[in-house]
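Have the viewer open as you read.

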Amino acid sequence: MNPEDEHPAQRADNTSAAESVSSRRPASFFQERPPQAMEVDPQLLRQWTRRDVLLFGIGTIAAAAGGASLLPQTTLERLGILHKQKNRPGKEWLLDKALRVDDDVAEAMYSGNRLVPTYTKSQITPLRNNYNGATPDPGYIPEWRLTLDGLASGLSVSLNIRSLLASFQLHEQITRLVCVEGWSAITWWGGLRFDDLLRAYPPTSQSKWARLESSVNLGPWGNPDPYFVSLDLATARHAQTLLATHLNGKPLTVEHGAPLRLVSPVKLGLKNIKAITRISYTKDEPVDYWAMHGYSRYDGI
Amino acid sequence: MSHSTQLDKERIATSAPESHAGVLVVRRHHLLVRCSHWLNVPILLGLILSGISIYWASPVYQHKSSPMTGNVDPLADLGVWICAHVPGLHQYSSPPDWVYNHISLGPGALAEALRLHWLFAYLFMLNGLVFVIGSAMGGGWRSLLLRWTDLRDALMMSRYYLRVPVAKLTRRSLPHPRFSTKYNALQRVAYFSVPVAGLLSVFTGWTIHKPMQLHWLTAIFGGYDKARIWHFWLMCFFISFVVPHVALVLADGWDTLRSMIVGWSMKAGRSEDL
C-alpha cells in the first residue's frame, strides 16, 4: 500500500482518503482543514529542531524551577531542596503582589447593592464553634460594653447590650457563612444593621475603615489574645451586614460570640468577629489578625 | 513506528540523487499552542499541590473516626499504612500526614497554599487565553471539534487498543485504523475534554472564591459545597488525563513528542498514532 506516491501521473488517479480530503474545499467554517505540508531541507530541519528543543527545554526547566521556588519554606526544607532558613525577598514580593491583585479584584467585584442569597429555615445547618483558641469564660458577658471610637462628635461612646437592643430595630436573615478553610454553614441570624449604628453614631468624614476588636478573645492555652479585624465601611454599610445578637432565634451563646458579633456574609468567616468590645473608625486601613498570618486582608467573597 | 515515517525515509532515499533533497513536513501546532501546552506543566503542578493543601484544611471525604488512630480521612489512613509497611518509614514523625506531606505543601500551610493557588490560578487563566489565541490563529481548534462519526470511530479505536497486547504477544501484525484527520476519535474526545475541563475548573474556582458576588454562577454548580466537589473531581480528571497522555506519547515515539516542541510533524497527511 503506497497511497502517496511521488510520481505526479499516479497522484492524479489516487483516491485515498487523505487525498480526497485535501483536495476538497471545506464545506463549513467548522470543518477541519487539510494539513499544511511543506518541503524543507533536512539540514535546515535539523537546525530548527535543535533550536526549538533547546529553547523549550530551557523554558520548561526555568518555569518549573520558578514554580518550585515559590513553595513555602517548610515544604522545601522537608523535601530536602533547601536546608537553611533563607527567605528570598523575591518570592515574598511575587506572592504578596498576587495577593494584592486578588484583593483588588475582590474589591472591584463587590457591589453594595448586590444582596447575597437567603435561605429558608428548613435549610439551616449546624454552626460549629470555630474559636481558634480557647472559648472565653462567659463571666465577661454581664459587664460587657461596646466602645465606639473615631466618631464625628469627637467623643467616645460606650453602650451596653440593653441600650443597643432597645434603640435599634432588629433584622433577621438566613445566610451562608463561608470559612476560609472551605466549610460553610447556613445560619439564622438576628441583630441590628451595622448601617443603622453608623447612622446613629456617624464616624468622622474621612473614615474609610472600621477596626473591630474583641478584647476577651483567648489563645490556644487560654492566654489573652485580642482578636481584631479590618472592615471597609462600604461593606459595613451593606444591608446584610449585621451586628448580630441572636442565633436561631435565641440570644447568642458564648461559643458564638455573645452578646454581639459581626455577621457579614460578603466576607469570609474570619472577618465575622465574635464578642466585639470596640469599634474604631479610621482613615487608613487598620491591621488585621489573620492578614498578619499571611491571609488576604480584604477577604471579600 | 508507523509506516508513514518509513514512507518518509523511503522518500528521502529515493529523492536523494536528485537536486532537491527536501523533506515533506506538515504544520501541526501553532507556536502559542505549544507554549501554553508546556506552561501547563508547572502551572497545573502548582495548582494541584496547593489545591490539595487547601482541601486538607476541610476535607470533604471523611469516614467515622477510626477507633485505632482517630483518623477521619482516608488519605491519613493510607499514610499510616504506608509508614507501617514501607521499610525505613517506621520512624516517620507523623504517619497520618505522610500522604499530604508528599503530594501537597504539608500541614498547616493554608495561608501559603491559598496565595500560591491564586497566583497559579491567574496564570492558568492567562495561559488559557494564550491557548485560545494560538488555536484561533493556527486554526487548530477545528481538529478538536467532536463529530457524529466519533461515536463509531471511538469504538473502533478502543477495539484496536484492546487488541494491541494480544497482537504483540502473538507477534501478529495489527493494522492501525486509518484516519484522514489530525486526531483519531479517541484523541479528539480527550483533547476536546481538556479545554472544557479547564474552563469548568476556572468557573468552579471562581464560584468557590466569590460565592456571594457570583452567586448566580454558584447556583449553576448546585451551591458552594457542591462547587467544591466539582472542583475536586476536575482536578482528578486532569490527573487521570495526564498519566495515559504522557504514557501514550512516549509509546508513540519521538515525532509526536517533537511536534509539540517544533510545531511540525514528519507524519505527512494523517495521524495514525496517539
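**Layout of chain A**

Please keep in mind that this is a predicted model. Chain A has 8 helices and 11 strands. Of its 301 residues, 29% count as buried. Among the contacts in chain A with a separation of 6 or more, 67% are between residues 24 or more positions apart. The domain assignment divides chain A into domain 1 (43–106) and domain 2 (118–293). Taken over C-alpha atoms, the centres of these two domains of chain A are separated by 41 Å.

**The five-stranded sheet**

In chain A, 5 strands make an open sheet with the order 3-2-11-6-7 and mixed pairing. Strand 3 and strand 7 of chain A are at the edges; each has a single partner strand, so one side of each lacks a neighbour in the sheet. From one strand to the next, the twist averages 20°. As a reminder, the strands of a sheet pair through backbone hydrogen bonds, either parallel or antiparallel.

| Strand pair (chain A) | Sense and bridges | Facing residues |
|---|---|---|
| Strand 2 and strand 3 | antiparallel, 3 bridges | Thr147(A) and Ser158(A) |
| Strand 6 and strand 11 | antiparallel, 5 bridges | Glu213(A) and Arg278(A) |

**The nonpolar cores**

Which residues touch the most other members of the largest nonpolar core? In this core of 32 residues they are Ala210(A), Leu212(A), Leu242(A), Leu243(A), Ala244(A) and Ile276(A). The elements of chain A that give two or more residues to the core are strand 5 (184–193), helix 7 (194–200), strand 6 (209–214), strand 7 (227–232), strand 8 (242–247), strand 10 (261–263) and strand 11 (278–282). Beyond its neighbours within four places in sequence, Leu243(A) is in contact with Gly191(A), Leu192(A), Phe194(A), Leu197(A), Leu260(A) and Leu262(A). A second, separate core has 29 residues, and Leu71(A), Leu47(B), Leu116(B) and Leu119(B) are among them. In soluble globular proteins, nonpolar side chains tend to be buried together.

**Where the chains meet**

The contact between the chains takes 55 residues from chain A and 54 residues from chain B. On the side of chain B that touches chain A, several elements supply at least two residues each, including helix 2 (31–57), helix 5 (110–138) and helix 10 (224–252) of chain B. That side of chain B divides into 28 nonpolar, 14 polar and 12 charged residues.

The chains also share an open sheet of 3 strands, in the order 1(A)-1(B)-2(B) and with antiparallel pairing. Strand 1 (37–40) of chain A and strand 2 (264–265) of chain B are its edges, each with a single partner strand, so one side of each has no neighbour in the sheet. Strand 1 of chain A and strand 1 (residues 23–27) of chain B are joined by 4 bridges in the antiparallel sense. Within this pair, Val40(A) is opposite Val23(B), and Glu39(A) is opposite Leu24(B).

**A few residues worth a click**

Pro259(A) is in the loop between strand 9 (250–251) and strand 10 of chain A. A cis peptide bond links Ala258(A) to Pro259(A), with omega about -5°. Ile161(A), in helix 6 (residues 161–167) of chain A, touches Pro259(A) as well as Trp144(A) and Leu260(A), leaving out residues up to four places away in sequence. Is Ile161(A) exposed or only partly exposed? Ile161(A) counts as partly exposed because it has 18 C-beta neighbours inside 10 Å.

Asp299(A) is in the segment after strand 11 of chain A, and it is buried, with 23 other C-beta atoms within 10 Å. Arg171(B) is in the loop between helix 7 (150–170) and helix 8 (185–209) of chain B; with 6 C-beta neighbours inside 10 Å, Arg171(B) counts as exposed.

Conventions
Residues numbered from 1 in each chain as written. Chains lettered and ligands numbered in written order. Predicted model: local features only at pLDDT ≥ 70, side-chain atom pairs only at ≥ 80, totals over all residues. Pairing = 2+ DSSP bridges. Contact = placed C-beta atoms within 7 Å. Nonpolar A, V, L, I, M, F, W, Y, C, P; charged D, E, K, R; others polar. Core = buried A, V, L, I, M, F, W, Y, C linked by C-beta atoms within 7 Å. Buried ≥ 20, exposed ≤ 12 C-beta atoms within 10 Å, placed from the backbone. Domains from an automatic or database assignment. Axes fitted to C-alpha atoms, helices over the stretch in contact; angles between N-to-C directions.
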